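The following account leads through a single protein chain, from its overall architecture to individual residues. Please keep the sequence and the model in view while reading.

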Amino acid sequence: MLTLHLLTLRETNSSLQLPNIALKKMDPDSVKSTLSNLAFGNVMAAAARDYQKEVLSQQKAQASNSINQEVDLDELMDDPELERLHADRIASLKKEAEKRQALKKQGHGEYREVTEADFLGEVTGSEKVICHFYHREFYRCKIMDKHLKSLAPRHMDTKIIKLDAENAPFFVAKLGVKTLPCVILFRKGIAVDRLIGFQDMGGKDDFATRTLEALLIKKGIVSEKKKDEDDEDRGYPESRRNTVRSSVDPNSDSD
């Protein structure tokens with residue numbers, strides 16, 4: 001019986017020690033720390049999942065934008081309105097090039113000398129014509145030549161020519177040319193205006209090409225340009241004028 005009692009006590013004591021072991025394993029601080037670690041781990045895992053979702057979302061958005069851009073470009077390339085505008089622009093450039101080529105064939109774009117035999121065909125063959133009646137020995141005629149030569153390539157719409165008055169007595173008489181230089185302006189073969197000597201340019205020999213150009217624009221025989229292309233001519237230097245024989249008549253060389 002004693003032996004059984006001792007065993008019982010040992011068992012009892014042993015069983016009494018079990019709660020102590022359990023309490024030690026379930027220490028509140030340890031449990032709290034474990035729970036905190038688990039909670040932090042869950043937060044980090046959730047953050048990682050959210051970040052991964054965000055990256056995937058951005059990648060999908062970029063892919064979608066790329067597809068949309070490709071679609072937009074394809075739509076623009078296939079836009080009938082843009083195609084029409086492009087075709088109109090090409091047609092306009094082609095038409096302008098053809099017009100310039102046709103004008104060149106008619107003698108536009110360069111300052112040329114014509115004969116009395118060709119004069120009538122020249123002035124009636126273009127809508128707007130400027131003809132300089134000149135004498136080869138008169139220095140003011142040479143000044144006018146210089147300015148008209150500069151203007152000719154810049155005003156393709158207007159034909160600019162010259163005629164030796166000494167070799168064209170018929171048209172000199174018909175048109176009443178009495179003072180040289182004389183620049184006659186023609187529209188559709190009809191003389192509509194004229195410049196006699198330099199009186200319309202201030203009566204001076206050193207007028208600039210732009211002064212003559214402005215006068216011709218005002219008279220409607222040439223079209224106005226958006227910018228002045230004549231930078232080289234800003235009047236005759238005094239030294240140049242001193243080397244040229246002056247005329248008796250301040251407005252002309254001869255009657």
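**A guided reading of the fold**

P181 is placed in the loop between α6 and β4, where helices (H or I, at least four residues) and strands (E, at least two) are DSSP runs numbered from the N terminus. The peptide bond leading from L180 to P181 is cis, with omega near 0 degrees. Most peptide bonds, by contrast, are trans, and most residues other than glycine have a negative phi. The model is a predicted one, in which local features need pLDDT of at least 70 and side-chain atom pairs count only at pLDDT 80 or more, while totals for chains, interfaces and linings use all residues. Residues are numbered from 1 along each chain as its sequence is written, and side-chain values use heavy atoms, with hydrogens and water left out.

The protein contains eight helices and five strands. Read from the N terminus, its elements follow the order α-α-α-β-α-β-α-β-α-β-β-α-α. Of its 255 residues, 29% count as buried; buried means under 20% relative accessible area, exposed over 50%, and partly exposed in between (1.4 Å probe, protein chains only). The accessible surface comes to about 17500 Å², of which 54% belongs to carbon and sulfur atoms; such areas come from the Shrake-Rupley method with a 1.4 Å probe, and for residues only the protein chains shown count as cover. Among contacts (heavy atoms within 4.5 Å) between residues at least 6 apart in sequence, 73% join residues at least 24 apart.

In soluble globular proteins, nonpolar side chains tend to be buried together. Here the largest nonpolar core has 21 residues, and those with the most contacts inside it are F119, F133, V177, L180 and F186. Such a core is a set of buried Ala, Val, Leu, Ile, Met, Phe, Trp, Tyr and Cys residues joined through side-chain atoms within 4.5 Å. At least two residues of this core are supplied by each of α4 (116-124), β2 (128-134), β3 (159-164), α6 (169-174) and β4 (182-187). Its largest share, four residues, comes from β2. Apart from this core lies another, of 20 residues, among them I143, L151, L185 and L212. Leaving aside residues up to four places away in sequence, F186 touches F119, V123, E127, K128, V129, C131, L175, A191 and I221.

F119, F133, F170, F171 and F186 form one aromatic cluster, and the structure holds five aromatic pairs. Rings of Phe, Tyr and Trp (its six-membered ring) pair if their centres lie within 6.5 Å; planes under 30 degrees apart count as stacked, over 60 as edge-to-face and the rest as tilted. F170 and F171 make an edge-to-face pair, 5.1 Å centre to centre with 85 degrees between the planes. F170 counts as partly exposed because its relative accessibility is 47%, whereas F171, at 13%, counts as buried. Another edge-to-face pair joins F198 and F207, at 4.9 Å centre to centre and 75 degrees between the planes. F198 is buried, with a relative accessible area of 0%, and F207, at 5%, is likewise counted as buried. A charge also meets a ring: K162 lies over the face of Y134, at 4.9 Å from the ring centre. The criterion is that NZ of Lys or CZ of Arg be within 6 Å of the ring centre and within 35 degrees of the ring normal.

Which elements do the buried residues of α5 pack against? They pack against β2, β3, β4 and α7 (209-218). The buried residues in α5 are Y139, R140, C141, I143, M144, D145, H147, L148 and L151. The 13 residues of this helix (residues 139-151) should span 18 Å at 1.5 Å a residue, and its end C-alpha atoms are 19 Å apart, which agrees. The expected span is 1.5 Å times one less than the number of residues. Helix α3 (residues 80-105), with 26 residues, reaches 37 Å from its first C-alpha to its last, close to the 38 Å expected. Just after α3, G107 takes a positive phi of about 100 degrees.

Two loop lysines complete the picture. K188 lies in the loop between β4 and β5 (190-196), and its phi is near 55 degrees, a positive value in a residue other than glycine. K188 counts as exposed because its relative accessibility is 65%. K204 lies in the loop between β5 and α7 and is exposed, with a relative accessible area of 55%. K204 and R140 are 64 residues apart in sequence and 9.9 Å apart in space, C-alpha to C-alpha.
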